Amino acid sequence: MSGAAKRLIPLFDRVLIKKAEVVTKTKGGIVIPEKAQAKVLKGTVVAVGPGSRNTNGEHVPLTVKVGDDVLLPEYGGTKVELEENQEYHLFRESDILAKLSI
């Protein structure tokens, strides 16, 4: 993880995610055109916030932690560019579809 991503701490129930790389070549070496490439719906959690607050004002901890692989929705999240060629996305925990156990 880069230094810039370490300095960004999400607030409340936000989760900072680095999406997986797009597959641009098949196993046989054929280059896939950009229009035919599938959207990346997987990512790795880079940073998490402390959690949302309940009616008593106490933090409700998040169910994901740093290093978890997660399944993401096709649309949503906020794109954050912390450094050149490194794109991260901020999602609410409730937007994350599932944790992946690989």
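Is D68 buried or exposed, and what is the relative accessible area of D68? In this predicted model, D68 is buried, with a relative accessible area of 12%, and D68 forms a salt bridge with K65 in which the closest N and O atoms are 3.5 Å apart.

The protein as a whole contains 1 helix and 8 strands, which follow one another from the N terminus in the order α-β-β-β-β-β-β-β-β. Among contacts between residues at least 6 apart in sequence, 63% join residues at least 24 apart.

The structure holds 5 salt bridges, and the table lists some of them.

| Residues | N to O distance |
|---|---|
| D68 and K65 | 3.5 Å |
| K79 and E87 | 3.7 Å |
| R14 and D13 | 4.0 Å |

K65, the partner of D68, is exposed at a relative accessible area of 53%. In the pair formed by K79 and E87, K79 is exposed, with a relative accessible area of 53%, whereas E87 is partly exposed at 37%. Salt bridges that share partners also join D13, R14 and R92 into one network.

D13 counts as buried because its relative accessibility is 13%, under the 20% limit, whereas R14 counts as partly exposed at 28%. A polar contact of 3.2 Å joins the side chains of D13 and R92, and, leaving aside residues up to four places away in sequence, D13 touches G51, S52, L62, F91, R92 and E93.

Note on methods: Residues are numbered from 1 along each chain as its sequence is written. This is a predicted model: local features need pLDDT of at least 70, side-chain atom pairs count only at pLDDT 80 or more; totals for chains, interfaces and linings use all residues. Side-chain values use heavy atoms; hydrogens and water are left out. Helices (H or I, at least four residues) and strands (E, at least two) are DSSP runs, numbered from the N terminus. Contact means heavy atoms within 4.5 Å. Buried means under 20% relative accessible area, exposed over 50%, partly exposed in between (1.4 Å probe, protein chains only). A polar contact is a pair of N or O atoms within 3.5 Å; within protein, one must be able to donate a hydrogen and the other to accept it, and residues adjacent in sequence count only if both atoms are side-chain atoms. A salt bridge is a side-chain nitrogen of Lys or Arg within 4 Å of a carboxyl oxygen of Asp or Glu.
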